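Please open the model in your viewer and keep the selection panel at hand. The stops below are given in the order in which they may be selected.

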Amino acid sequence: MNYLSVENISKSFGERTLFENISFGINKDQKIAFIAKNGSGKTCIMKILNGEDEPDTGQVVVRKDIKMAFLSQDHNLQDELTIEESIFASDNEILKVIERYEKALENPEDEEVYQKAFDDMDRHNAWDFETQFKQILFKLKLEDFKLKVKNLSGGQKKRLSLAIILINRPDLLILDEPTNHLDLEMIEWLESYFAKENITLFMVTHDRFFLERVCNEIIELDNGKLYQYKGNYSYYLEKKEERITSENASIDKAKNLFVKELEWMRRQPKARTTKSKSRQDDFYVIKEKAQSRRKENVVELEINMERMGSKIIELHKISKKFKEKVILDNFSYDFQRGERIGIIGKNGTGKSTFLNLLTGTIPLDSGKVIKGDTIKIGYYTQSGIDPKPGQRVIDIIKEYGEYIPLAKGRIISASQLLERFLFDSKKQYDYVEKLSGGELKRLYLCTVLIQNPNFLILDEPTNDLDIVTLNVLESFLLDYPGCLVVVSHDRYFMDKIVDNLFVFRGQGEIENFPGNYSDFRAYEDSIEPVKEEAKEKVNWKQNNPTTSGLSFNEQKEFQKIEREIKDLEHKKKEIEALFSDGKVADADIEKKANELQNIIKKMEEKEERWFELSAKMEG
């Protein structure tokens, strides 16, 4: 069943043509990834699909009876609503049923409203749905339902937008970089969720593990043309290589033919026959083919950076905390030449703070960071660059350096470095304000590299970079001879680039793991989880086949108790999870512990009353 058809769409801005006559379709149960270079029109196509933009030519046809949802880079949330209110703000019928029930619980004296809300919950099977959506919010670390949108971080807003879409379960889900602002645990959960759910997806993502494990089709926009691959990321790489090889062979053949035809053209008299006119037309077709060039750059640099001394960077019992939140606790480490260290951990465990301590951007509470005399740090942060109005791309990079020295006395100029990172000669003289978000990140990366550091620190360098640029960056870093420290949620990138991990567990605990991310996951999965003693759980709904034998008020009380026990169980698990993850500040420990005890006490009281009413029913 076809959900959406894109028919011959084109888009230009002034003299610049992004794409022409693009056509493809999205069918039920397809999980499609859309791949293209930054600046080639990915986001524009996504907006056209969602109706936020219009193509210059062509049209997008959407099946009338399907429900579509779009996750963009910009959220459309209302600042004054809470997380819970934002969830209920949709037009989902079951969510409206749950919302009415929640309000009825707050006003139990209105028996008629309460009974109707309870019956609606049963009729729509809303009990299970509520459990599912709260699980989604829990997995995306949005446990404080009363927190207002205006008080959320950018990452939390993106996760809330994602949660709302997942909860509403649309027929067709269009996603623009869904893994941005998610930590590794969240990414792996989302990956598993999409892989097993019968849901139709069309997404732009740079996460290649995600592409490998979720997608069953890949559409690539390359130099203005669309190519479709019926398989995952590995299949795409294999078939793309075959296509490029075939294209290059065709170009080589055209070049040889062009030389022969050029010789013939030069011999022709001015008065030409109809037959020779046809051959002339063919000549110009061959000429165009022979002169075609693929705009791809391979980074192959033998960088001649400053020689490192015996001392690199030494960390001596460094500590840092913010109020009660411990980031580092007497952490020591001596960096060695050529080390390539990746840093992983949940959001909020202090990964970026560690980099700022390493570079002296923020002060230590105690301990010392000793940097060797020969060490020159290059630091790529998440903040990016702040260009002046009217600056061109080439001007930005020349502020930081004119060239990088290579082996055997050669150099690579600022312009050549930009070319290697996919800024062609025309693009180098564009105004910076015209660049896309991904292109700005790429330019910022070049400003760090042109300074020729021998100790390179990268904080989430893969965010907003397309797959083509990621391959370029990886090629550069594989040839990079200095020390490398990387914070990244991109598992494919980490596997390829690093050979040692610092695993931030939270509350100052840092584990030094020898290996890349896949090695670490295999190790974690091999550890037998500690088995807790099984606790008998009462299924309140199954143990209640009938409420006969109870008065009306007792029936109402019995139904209310079931719901209250379920809510108390959820609150109990939330607080226990906070203690388990070390997220309770010292000042709040006593308060939270008392709250937990009160919840347990209430549960016991309500369970006792539930059994009393159950016994009365049986009697």
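Select Cys 446 to begin: its relative accessible area is 0%, so this cysteine is buried (buried means under 20% relative accessible area, exposed over 50%, and partly exposed in between, with a 1.4 Å probe and protein chains only). Next select Cys 483, which is likewise classed as buried because its relative accessible area is 1%. How many disulfides does the rule give? The count comes to zero, where a disulfide is a pair of cysteine sulfur atoms within 2.5 Å.

The model is predicted: local features need pLDDT of at least 70 and side-chain atom pairs count only at pLDDT 80 or more, while totals for chains, interfaces and linings use all residues. Residues are numbered from 1 along each chain as its sequence is written, and side-chain values use heavy atoms, with hydrogens and water left out.

Now select residues 467-479, which form helix 15. Helices (H or I, at least four residues) and strands (E, at least two) are DSSP runs, numbered from the N terminus. At 1.5 Å a residue, the 13 residues of helix 15 should span 18 Å, and the distance of 19 Å between its end C-alpha atoms agrees; the expected span is 1.5 Å times one less than the number of residues. The buried residues of this helix include Ile 467, Leu 470, Glu 474 and Phe 476. At the helix start, display Asp 466: one of its side-chain oxygens lies within 3.0 Å of the backbone nitrogen of Val 468.

Move to strand 6, residues 172-176, where five of the five residues are buried. Leu 172, Ile 174 and Asp 176 point one way, whereas Leu 173 and Leu 175 point the other way. Thr 200 in strand 7 is the bridge partner of Leu 172. Between strands 6 and 7 the chain passes through helix 7 (residues 184-196) in a right-handed β-α-β crossover: with the strands pointing away from the viewer, the path from the first strand over the helix to the second runs clockwise.

Finally, select Lys 141, in the loop between helix 5 (126-139) and helix 6 (154-168). Is this lysine buried or exposed? Lys 141 counts as buried because its relative accessibility is 18%. Leaving aside neighbours within four places in sequence, Lys 141 is in contact (heavy atoms within 4.5 Å) with Arg 159, Glu 185, Met 186 and Lys 583.

How values were computed: A polar contact is a pair of N or O atoms within 3.5 Å; within protein, one must be able to donate a hydrogen and the other to accept it, and residues adjacent in sequence count only if both atoms are side-chain atoms. Two strands pair if DSSP finds at least two bridges between them.
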